[in-house]
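Thanks for coming, everyone. Let me take you through one protein chain today. Please have a look at the model first.

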Amino acid sequence: MSNECLSCGACCAFFRVSFYWAEADDGGGQVPAQLTEPVTPFLRCMRGTNARAPRCVALQGEPGKNVSCAIYHQRPSPCREFSLSGENGITHDACNRARAHHGLPPLYGTDLLSLTIHNAATDRPSRVQSPPD
């Protein structure tokens, strides 16, 4: 099974990626601080993801084609925790929403009823946020 993320990158160009400021290398973490911007005194986001049309500065390539992350081994926790839809047989609505925004088909769980039931059963907060209106 191939990793769909290597030909997708939709999440990197759809959500704001916010994380605790100390994940950056100037706070003791590993995310390159020069690739981040402040959101609040305690939160940063990846530069480019706090825009009306978000796109992470570390995303290389075009969503839906061959993509990669320039800081993959240094990426922040929301990126490490983001799940590919269909991983372990579970629908991840955020993944499918990002894919739909870029004209890509959902990877798993395309029926609305199963999405609704799954989301209600596994409702948990996410630090990956939809773009501002």
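One term before we start: two residues are in contact when heavy atoms lie within 4.5 Å. Keep in mind that this is a predicted model.

Take Ala-58. What is Ala-58 in contact with, leaving aside its neighbours within four places in sequence? The list is Met-46, Ser-68, Cys-69, Ala-70 and Ile-71. Ala-58, Met-46 and Ile-71 also belong to the largest nonpolar core. That core has eight residues.

Now the overall layout. The chain has three helices and six strands. Along the sequence the pattern reads β-β-β-β-β-α-α-α-β. There are 133 residues, and 35% of them are buried. The accessible surface is about 7900 Å². Carbon and sulfur atoms account for 55% of that surface. And look at the contacts with a separation of 6 or more: 52% of them join residues 24 or more positions apart.

On to strand E1, residues 16-20. Why call E1 largely enclosed by the rest of the structure? Because four of its five residues are buried. E1 pairs with strand E3, residues 43-46, in the antiparallel sense. Three bridges make up that pairing. Within it, Tyr-20 stands opposite Leu-43 of E3.

Next, the aromatics. The count is three aromatic pairs. One of them is Phe-14 with Phe-15, and that pair is edge-to-face. The centres are 4.8 Å apart, with 80° between the planes. Are these two buried or exposed? Phe-14 has 11% relative accessibility, so it counts as buried. Phe-15 is buried as well, at 1%.

Phe-15 has another partner, Phe-82. This pair is tilted: 5.8 Å centre to centre, 50° between the planes. Phe-82 itself is partly exposed, at 23% relative accessibility. Put together, Phe-14, Phe-15 and Phe-82 make one aromatic cluster.

Last item, a charge over a ring. Arg-75 lies over the face of Tyr-72, 3.8 Å from the ring centre.

That's my tour. Over to you.

Notes
Residues numbered from 1 in each chain as written. Predicted model: local features only at pLDDT ≥ 70, side-chain atom pairs only at ≥ 80, totals over all residues. Heavy atoms only, no water. Core = buried A, V, L, I, M, F, W, Y, C linked by side-chain atoms within 4.5 Å. Buried < 20%, exposed > 50% of the residue type's maximum accessible area, 1.4 Å probe, protein only. Helix = DSSP H or I, 4+ residues; strand = E, 2+ residues; numbered from the N terminus. Areas by Shrake-Rupley, 256 points an atom, 1.4 Å probe, with all protein chains shown as cover. Pairing = 2+ DSSP bridges. Phe/Tyr/Trp six-rings, centres within 6.5 Å; stacked < 30°, edge-to-face > 60°. Lys NZ or Arg CZ within 6 Å of the ring centre and 35° of its normal.
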